[in-house]
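Work through the exercises below with the sequence and the structure in view. Each task is followed by a solution in steps.

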Amino acid sequence: MTPDRYLELIAQDGRRLAAAAAAGDLGAAIPTCPGWDVRACVTHTGQVYRHKVACTRLQRRPVEADGVEQEPPPGAELVAWFEASLDALLAEL
């Protein structure tokens, strides 16, 4: 797979997750992930994106003192935070 195709697929999957979350109930259960709801899935995926950006920038695993944002800030809209996380990952890669 080419790097461009890989980025295209990351973007496509991320946008599909954002669209599904925006159109549905964030509290809806995810049947294939027992104990998870849409909110947990979107938050987790955004956290992974931000963690990978931090790893790339720092050239190591980030620690708490590095200040990597792991949760949407208070009052932030979850899907917008997730989309910003995706955009940051795509830009970094």
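Buried means under 20% relative accessible area, exposed over 50%, and partly exposed in between (1.4 Å probe, protein chains only). This is a predicted model, in which local features need pLDDT of at least 70 and side-chain atom pairs count only at pLDDT 80 or more, while totals for chains, interfaces and linings use all residues. Residues are numbered from 1 along each chain as its sequence is written, and side-chain values use heavy atoms, with hydrogens and water left out.

**Exercise 1.** Describe the salt bridge of arginine 5 and glutamate 8.

Solution. Step one is the criterion: a salt bridge is a side-chain nitrogen of Lys or Arg within 4 Å of a carboxyl oxygen of Asp or Glu. The side chains of arginine 5 and glutamate 8 meet this way at 2.5 Å, N to O. Step two is location: both residues lie in helix α1 (residues 3–23), three residues apart, about one turn of the helix. Helices are DSSP runs (H or I, at least four residues), numbered from the N terminus.

**Exercise 2.** Which parts does the salt bridge of glutamate 92 and arginine 57 tie together?

Solution. The two side chains of glutamate 92 and arginine 57 come to 2.8 Å, N to O. Glutamate 92 belongs to helix α3 (residues 78–92) and arginine 57 to helix α2 (residues 38–58), so the pair ties together parts that are 35 residues apart in sequence. Glutamate 92 is partly exposed at 27% relative accessibility, whereas arginine 57 is exposed at 57%.

**Exercise 3.** Locate glutamine 59 and describe its backbone.

Solution. Glutamine 59 is in the loop between α2 and α3. Its phi is positive, about 60°, although glutamine 59 is not a glycine. With 66% relative accessibility, glutamine 59 counts as exposed.

**Exercise 4.** How do α1 and α2 cross?

Solution. First, take the axes, which are lines fitted to C-alpha atoms over the stretch in contact, with angles from 0 to 180 degrees between N-to-C directions. The axes of α1 and α2 come within 11 Å and cross at roughly 150°. Next, apply the cut-offs: angles under 35 degrees count as roughly parallel, over 145 as roughly antiparallel, 65 to 115 as roughly perpendicular and the rest as oblique. α1 and α2 are therefore roughly antiparallel. Last, list the contact (heavy atoms within 4.5 Å): α1 gives Gly14, Leu17 and Ala21, and α2 gives Val38, Cys41, Val42, Thr45 and Tyr49.

How values were computed: Helices (H or I, at least four residues) and strands (E, at least two) are DSSP runs, numbered from the N terminus.
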